[in-house]
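Please have a look at the sequence and the structure before I start.

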2 protein chains.
Amino acid sequence: MAPELQQEEDYTTGPEAAHKTRVTVVGSGNWGSVAAKLIASNTLKLSSFHDEVRMWVFEETLPSGEKLTDAINRNNENVKYLPGIKLGKNVVADPDLENAVNGANMLVFVTPHQFMEGICRRLVGKVKADVEAISLIKEMEVKIEGPCMISTLISQQLGINCCVLMGANIANEIAVEKFSEATVGYRENKEIAQKWVQLFSTSYFMVTPIQDVEGVELCGTLKNVVAIAAGFVDGLEMGNNTKAAIMRIGLKEMQAFSKMLFSSVKDTTFLESCGVADLITTCLGGRNRKVAEAFARSGGKRSFDELEAEMLQGQKLQGVSTAKEVYEVLSHCGWLDFFPLFATVHEICIGTLPPSAIVEHSERTPKI
Amino acid sequence: MAPELQQEEDYTTGPEAAHKTRVTVVGSGNWGSVAAKLIASNTLKLSSFHDEVRMWVFEETLPSGEKLTDAINRNNENVKYLPGIKLGKNVVADPDLENAVNGANMLVFVTPHQFMEGICRRLVGKVKADVEAISLIKEMEVKIEGPCMISTLISQQLGINCCVLMGANIANEIAVEKFSEATVGYRENKEIAQKWVQLFSTSYFMVTPIQDVEGVELCGTLKNVVAIAAGFVDGLEMGNNTKAAIMRIGLKEMQAFSKMLFSSVKDTTFLESCGVADLITTCLGGRNRKVAEAFARSGGKRSFDELEAEMLQGQKLQGVSTAKEVYEVLSHCGWLDFFPLFATVHEICIGTLPPSAIVEHSERTPKI
């Protein structure tokens, strides 16, 4: 049931318009479209927000010849990336990035992570000085000089505050309103975090604020390394005990690695939706787990590149490259011995160790 | 490959015999037999232990007419409860409880929990004053006056120290030497905990000591309530997001409930094998999950009693009775609002709420 626009109120020009918060979603893929749907259901209900939610769409021409933005605005549905789901009539797709963010008070970033540098460059000087941002982008590069947190990129490039929202969030399940949770990570301003919570929460989407941007954001990236390990266990048919053990060890290594990178990271973050719940979802389903399972079934004889090409229609696995980057950091810092699972995942991915080594790391190195 | 007894050394009468530690396993079901196998492989290797591991067996007559103890000792295999697995020739089955524990320095308790009161009564005055005990028994009654910790029962009845060992331990998977982990919970004496770790650890069974008997032991009981919730989610086909969310909320309630009962309980315990890993295993497989799934599929129309009778061949579900007991404690203490998941599980089990309420508890009550 799509919410109806309240036509009585002219929110673009009315006397209260100037005080109302405007929200723009930057990105319109599968998860971006669901985020727009969640937000649009709330802006209609909350009087402090403008009803309209603008959504920047990277323009494409559909096979029918119609522009994607036109199709979204005509059907009230992202026919390409979230077909069958009404977004709310107050979602307005806009192919012009600058126009989409113009006048926005709150920006939701939800694009593939590799596009964010370019997007930030284009937005410099184009956003309000006091605009608040949130990143829903789960992947980042982990470089030796430090992880490239997307929230930090946004903050630094645009000179604005940036929260993050992560969790066990399979977009298609939330789109059909199945119960789920998420975590908002914030730096200092709890009021802003509460405003994000208010903007995203619905009866089927429970959002909890946590003062730990780095911990929350790192969970979204590091879990992919553990999902590769879980896939190996599945491929070797080792059973639920082993899989649970590997997931647990992985969660502990995620926690220890995050704390070594940022002393501010909190232990409790890993029991939030962004931590243990997202890890469970990712290790039960998900493409990292799936391709790693196929890799292990082949005895490591088929490469990840080959399997990705065959199984993912052009998508790349984040877990394999994150494992490589994490390995380089561990190696550079002399921490390899403290992270036997992370280290072993990478060594299996590059063929130095066989897939069965995933359960032998404990003999090789001391535990954390 | 079954380890061979070192015939050169007469461990029962030799000069060093008096100084060597003797181990008896009290119980010989599926998990008890696997525990005996793990221990027996280590007593052969560790010079401080007697090779022989005695195993008390509740005597039965097999369909062939042979006594179970005779069959175990003849075949070196528990043909009834762990067929196909060699226990080690140094495991000796004994149908006489008093004889089995006579002279033992370390006692491993691994029987159904309802038998422990009777067993303890029979053992009063029959065990060494300085004997060390460990309980592998995962279930307990949770009464209003406090949970009936099996470790406390053993300690108080016999006047001895008692540790616990819990974890993601599906016996049949460990029996075939698939990688797994466990947690030893101890009270004060870390050296004793280390001795238990040494006695149980193998290359495929990693054991970690944690100074938190109550936390470790409560995990083994409370996870069954969460498994019922996970089964409801499966039965309603709500998907991995929802299941991960319910498991996470359940883990948090396990932690909060344990801490309310015992202020000594540590947060970190719930990231050990006894916590998150056992929860994952139990929510992926396990009979609590399975019967709860069938209950939800029937829309709550078939009772748990009926489904148990049909699906479990006479076994009873621990999760349903634990949920009832926990509910009584929460109700008595005025804590129902702080534990919406635990409370909802019980109310669904007794038919007050429909299975779909498992994802609606968040609206009913404040979060912990």
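Let me begin with accessibility: a residue is called buried under 20% relative accessible area, exposed over 50%, and partly exposed in between, with a 1.4 Å probe and protein chains only. What we have here is a predicted model, in which local features need pLDDT of at least 70, side-chain atom pairs count only at pLDDT 80 or more, and totals for chains, interfaces and linings use all residues. Residues are numbered from 1 along each chain as its sequence is written, chains are lettered from A and ligands numbered from 1 in the order in which they are written, and side-chain values use heavy atoms, with hydrogens and water left out.

With that rule, A:Thr269 is buried, because its relative accessible area is 0%. Helices (H or I, at least four residues) and strands (E, at least two) are DSSP runs numbered from the N terminus, and A:Thr269 sits in the loop between H9 and H10 of chain A. Taking contact as heavy atoms within 4.5 Å, and not counting residues up to four places away in sequence, A:Thr269 touches A:Ile210, A:Asp212, A:Gly215, A:Val216, A:Cys274 and A:Gly275.

Axes here are lines fitted to C-alpha atoms, for helices over the stretch in contact, and angles run from 0 to 180 degrees between N-to-C directions. The axes of H9 (residues 240-261) and H10 (residues 273-284) of chain A come within 11 Å and cross at roughly 135 degrees. Angles under 35 degrees count as roughly parallel, over 145 as roughly antiparallel, 65 to 115 as roughly perpendicular and the rest as oblique, and H9(A) and H10(A) are therefore oblique to each other. On the side of H9(A), the contact is made by A:Lys243, A:Met247, A:Leu251 and A:Met254, which meet A:Gly275, A:Val276, A:Leu279, A:Ile280, A:Cys283 and A:Leu284 of H10(A).

Turning to chain B, helix H14 (residues 340-349) has 10 of its 10 residues buried, so the helix is largely enclosed by the rest of the structure. Among these buried residues are B:His346 and B:Glu347. Just after H14(B), B:Gly351 takes a positive phi of about 90 degrees.

A:Asn76 lies in the loop between helix H2 (68-75) and strand S3 (91-94) of chain A, and counts as buried at 11% relative accessibility. B:Asn76 lies in the loop between H2 (68-75) and S3 (91-94) of chain B, and counts as buried at 11% as well.

B:Cys162 is in no disulfide either, the nearest cysteine sulfur, that of B:Cys163, being 6.8 Å away. B:Cys148 is partly exposed, with a relative accessible area of 28%, whereas B:Cys162 counts as buried at 0%.

Methods. A disulfide is a pair of cysteine sulfur atoms within 2.5 Å.
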